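The sequence and the structure come first, and the text follows.

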Amino acid sequence: MAGQLRFTVEQVVWQEVPGEVSLAFTISGCPLRCKGCHSSAARNPSAGVPLTLEYLEARLNQYRGLISCVLFLGGEWQPEPLKKLLSLARAHNLKTCLYTGYEQVAPELMPHLTFLKTGPWIAELGGLDSAITNQRFIDLSTQENLNYKFHKPHRHQGVTHVAP
Ligand code: SF4
């Protein structure tokens, strides 16, 4: 339905937004067609249940003091309802993050976002934990690229390093 987003998965996650405990929603209806998409269920626009402002408000009240961020995995293809959901999260003094497969999103979303992950899934280049990925995770308050925070620690002469 136009003007309303739906979601298939809701979960609390620790790794998708570095340093934050995020309530994450996988939004239905991604129009991109990345080869090897890990989330084919997310591409069906009628999958899942509606993500209304009332529902989000109730969840944010339940999670008060337990989460620091709300993460939307998709939804940018309907900027108006997403903007309202982001605004509600901000009104609860929470950070916000959007994972998009696009390189850019509607400008009206930007003031409501703390973090933005851009870029489609390209298997040969890998995700945010890959040094050669096409994807970028940006802290919009500083414009800093935080991809390095996703790189896995590796062992070198007995000392654990985080790859640059
Ligand atoms: S952006 Fe994500 S959900 Fe959409 S097609 Fe690409 S991998 Fe799948």
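A residue counts as near a molecule or strand if one of its heavy atoms lies within 4 Å of it. By that rule, the residues around the ligand are Cys-30, Leu-32, Arg-33, Cys-34, Cys-37, His-38, Arg-43, Gly-101 and Trp-121. The model is a predicted one, in which local features need pLDDT of at least 70 and side-chain atom pairs count only at pLDDT 80 or more, while totals for chains, interfaces and linings use all residues. Residues are numbered from 1 along each chain as its sequence is written, and side-chain values use heavy atoms, with hydrogens and water left out.

**The ligand and the pocket**

Residue classes are assigned as follows: Ala, Val, Leu, Ile, Met, Phe, Trp, Tyr, Cys and Pro are nonpolar, Asp, Glu, Lys and Arg are charged, and the others, Gly among them, are polar. The shell around the ligand has 5 nonpolar, 2 polar and 2 charged residues.

The ligand takes up the space of the largest pocket; a molecule sits in a cavity or pocket if more than half of its atoms lie within 2 Å of its grid points. On a 1 Å grid over the protein atoms alone, a cavity is a set of points where a 1.4 Å probe fits but cannot get out, whereas a pocket is an open set with protein on both sides within 12 Å along at least five of seven lines; lining residues have an atom within 4 Å of a point. Grid points are joined across faces, edges and corners, and a volume is the space filled by probe spheres set on the points.

The largest pocket holds about 890 Å³ of space. It is lined by 37 residues, of which His-38, Leu-73, Tyr-99, Lys-117 and Gln-135 are the closest to its centre. By class, the lining has 17 nonpolar, 12 polar and 8 charged residues. Strands E1 (6–13) and E2 (22–27) each supply at least two lining residues, and E2 gives the largest share, 3 residues.

**The sheet**

Helices (H or I, at least four residues) and strands (E, at least two) are DSSP runs, numbered from the N terminus. Two strands pair if DSSP finds at least two bridges between them. An open sheet of 8 strands has the order E3-E1-E2-E4-E5-E6-E7-E8, and its pairing is mixed. Strands E3 (49–50) and E8 (144–145) stand at the edges with a single partner strand each, so one side of each has no neighbour in the sheet.

| Strands | Sense | Bridges | Residue pair |
|---|---|---|---|
| E1 and E2 | antiparallel | 6 | Gln-11 and Ala-24 |
| E2 and E4 (69–73) | parallel | 5 | Ser-22 and Cys-69 |
| E5 (95–99) and E6 | parallel | 3 | Leu-98 and Leu-116 |
| E6 and E7 (136–139) | antiparallel | 4 | Lys-117 and Phe-137 |

Buried means under 20% relative accessible area, exposed over 50%, and partly exposed in between (1.4 Å probe, protein chains only). In a regular strand the side chains alternate between the two faces of the sheet. In E2, Ser-22, Ala-24 and Thr-26 lie on one side and Leu-23, Phe-25 and Ile-27 on the other, and all are buried. Strand E6 (115–118) has Phe-115 and Lys-117 pointing one way and Leu-116 and Thr-118 the other way, again all buried.

**The loops**

Most residues other than glycine have a negative phi. Asn-93 counts as exposed because its relative accessibility is 73%.

Gln-143, in the loop between E7 and E8, also has a positive phi, near 65 degrees. Its relative accessibility of 56% means that Gln-143 counts as exposed.

Ala-42 lies in the loop between E2 and E3 and is buried, with a relative accessible area of 7%. Ala-42 and Cys-30 are 12 residues apart in sequence and 6.2 Å apart in space, C-alpha to C-alpha.
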